[in-house]
Amino acid sequence: MDDTLIPLPRPIVRVRNYGGRIILSVGENTVELSESAEMMWRSLAPDRDVRKLVELVVDAYDAPVDEVSSDVREWIAEMAASGFIELRAATDRPTP
Amino acid sequence: MDQTTGAFTNVLGELAQRGLLPSTRSAVFVGGSLARGWAHARSDMDIVVIAPEPWSSATSTQQSVWLTVPTIQVEVITVAGRRWEIKYWLTSQVEEAMAKVDWEAFEKNGPPSDLGIYETFTLERMCHGIAIDGAAWFAEHRAAVRDSALNSIIALQHLAKADSALEDMVGLREAGEERDAVVPARNAFGFAVDALNASRGEAGLEPKWRPKRVALLNHPCLPLERYWELELCVGLDPRNPGPWLDEVALTCGRLFLDTNLGRPNT
């Protein structure tokens with residue numbers, strides 16, 4: 001996965017918080033976020049590319065970079081494939 | 001002894017004098033902006049009379065509710081230049097409406113499909129209403145409504161509207177209608193804020209009081225200044241609305257995360 005891609009939540013994702021359980025749904029797909037997944041989901045931002053997200057998780061969990069990097073990339077790929085996340089190139093701007 | 005505030009001491013007398021007060025009552029309360037201290041000179045006085053027997057008069061009109069007795073009565077008068085709207089509910093109607101917002105039913109079956117707008121309004125107004133008669137009955141029932149799933153049910157209704165508005169925003173952007181997409185984006189933001197407010201106990205249905213609710217709740221996830229920036233579309237470039245639309249969509253998503261639909265303290 002390209003480190004400079006920017007993962008962002010797709011606006012059409014339904015987000016529900018049931019007493020701290022975060023449930024996302026889009027189309028036929030539904031997922032409950034784990035604690036770490038929720039932290040990553042909350043951290044998605046236009047100024048945070050894949051590399052920065054990995055750094056954030058490494059700092060948050062004080063975990064080995066290689067392991068975190070692999071887990072974060074896998075999560076992003078899965079969430080993108082399921083339609084929860086869109087991956088934008090850093091230069092992408094909405095069409096005027 | 002009934003809890004009566006000085007501002008409303010004339011209400012019962014005025015109603016009695018005009019022949020608009022049933023002889024037997026469970027409670028009478030003032031709701032809406034006057035009860036909240038938010039009213040302006042043109043605000044209505046919203047009064048709810050709850051009584052065991054149905055109200056009937058030559059001047060009343062009806063509103064439909066989704067209850068066993070399917071109507072409530074409404075009287076409208078003007079007192080010292082202010083419009084008073086008096087709604088007459090049966091005690092049994094209020095209790096039937098309250099049963100619809102029970103936590104167990106909500107957690108098991110989701111939001112009730114038969115909770116009408118007038119039931120919602122009245123239950124919500126009970127939460128912040130001021131009793132001018134029947135204070136003990138009112139306090140007991142208000143506490144039950146405050147402890148119910150009403151706020152979560154209303155929050156969920158707002159979330160559904162926000163979801164729908166975001167879908168519209170995305171659809172318009174995909175069609176190249178970036179400027180048109182600003183309209184549903186603004187709506188989505190409003191509904192997202194309303195949902196958040198509802199989940200924190202401020203489940204108003206009227207957008208005009210949204211800023212007051214945000215100020216009152218002082219959300220860590222939505223400080224008042226940030227709220228106003230988005231409400232007033234600060235930073236929106238009419239020639240290139242895309243970045244602003246992105247920002248609104250992302251903010252809505254974050255507000256959704258903090259809109260807790262579960263029981264309080266969960």
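## Strand pairing in chain A

Strand 2 (residues 14-18) and strand 3 (residues 21-26) of chain A pair in the antiparallel sense, with 5 bridges between them. The model described here is predicted. Within this pairing, A:Arg14 has A:Ser25 of strand 3 as its bridge partner. The hairpin formed by strand 2 and strand 3 of chain A has 2 residues between the strands, and A:Gly19 takes a positive phi near 60° there.

In a regular strand, side chains alternate between the two faces of the sheet.

## Overall form of chain A

The secondary structure of chain A amounts to 3 helices and 5 strands. Along the sequence these elements follow the pattern β-β-β-β-α-α-α-β. Chain A has a radius of gyration of 13 Å, close to the 12 Å that the globule rule gives for 96 residues, so the chain is as compact as a globular protein of that length. Its C-alpha trace spans about 40 × 30 × 20 Å along the principal axes.

Of the 96 residues in chain A, 42% count as buried. The chain exposes about 5,200 Å², of which carbon and sulfur atoms supply 48%. Among the contacts in chain A with a separation of 6 or more, 60% come from residues 24 or more positions apart.

## Aromatic pairs in chain B

Over all chains, the structure holds 6 aromatic pairs. In one of them, the ring centres of B:Phe189 and B:Tyr227 lie 6.0 Å apart with the planes at 25°, so the pair is stacked. B:Phe189 belongs to helix 8 (residues 182-199) of chain B and B:Tyr227 to helix 10 (residues 224-231) of chain B, so the pair ties together parts that are 38 residues apart in sequence.

Both partners fall under the 20% cut-off for burial: B:Phe189 counts as buried because its relative accessibility is 2%, and B:Tyr227 counts as buried because its relative accessibility is 0%. Ring pairs also bring in B:Trp228, which forms a cluster with B:Phe189 and B:Tyr227.

A search of the whole structure finds 30 salt bridges over all chains. One of these joins A:Glu32 and A:Arg21, whose closest N and O atoms are 3.2 Å apart. The pair links distant parts of the chain, with A:Glu32 in strand 4 (residues 29-32) and A:Arg21 in strand 3 of chain A, 11 residues apart. A:Glu32 is partly exposed at a relative accessible area of 43%, and A:Arg21 is likewise partly exposed at 44%.

In chain B, the side chains of B:Arg263 and B:Glu107 meet in a salt bridge with an N to O distance of 2.9 Å. This pair also links distant parts of its chain: B:Arg263 lies in the segment after helix 11 (242-257) and B:Glu107 in helix 4 (residues 103-109) of chain B, 156 residues apart. B:Arg263 counts as partly exposed at 32% relative accessibility, and B:Glu107 is partly exposed with a relative accessible area of 46%.

## A buried salt bridge and its network

B:Arg173 forms a salt bridge with B:Glu178, and their closest N and O atoms are 3.0 Å apart. B:Arg173 is buried, with a relative accessible area of 17%, and B:Glu178 is buried, with a relative accessible area of 6%.

These two residues belong to a network of salt bridges that links A:Glu86, A:Arg88, B:Arg173, B:Glu178 and B:Asp246.

Notes
Residues are numbered from 1 along each chain as its sequence is written. Chains are lettered from A and ligands numbered from 1 in the order in which they are written. This is a predicted model: local features need pLDDT of at least 70, side-chain atom pairs count only at pLDDT 80 or more; totals for chains, interfaces and linings use all residues. Side-chain values use heavy atoms; hydrogens and water are left out. Two strands pair if DSSP finds at least two bridges between them. Helices (H or I, at least four residues) and strands (E, at least two) are DSSP runs, numbered from the N terminus. Rings of Phe, Tyr and Trp (its six-membered ring) pair if their centres lie within 6.5 Å; planes under 30 degrees apart count as stacked, over 60 as edge-to-face and the rest as tilted. Buried means under 20% relative accessible area, exposed over 50%, partly exposed in between (1.4 Å probe, protein chains only). The radius of gyration is taken over C-alpha atoms; the globule rule is 2.2 Å times the number of residues to the power 0.38. Contact means heavy atoms within 4.5 Å. Accessible areas come from the Shrake-Rupley method with a 1.4 Å probe; for residues, only the protein chains shown count as cover. A salt bridge is a side-chain nitrogen of Lys or Arg within 4 Å of a carboxyl oxygen of Asp or Glu.
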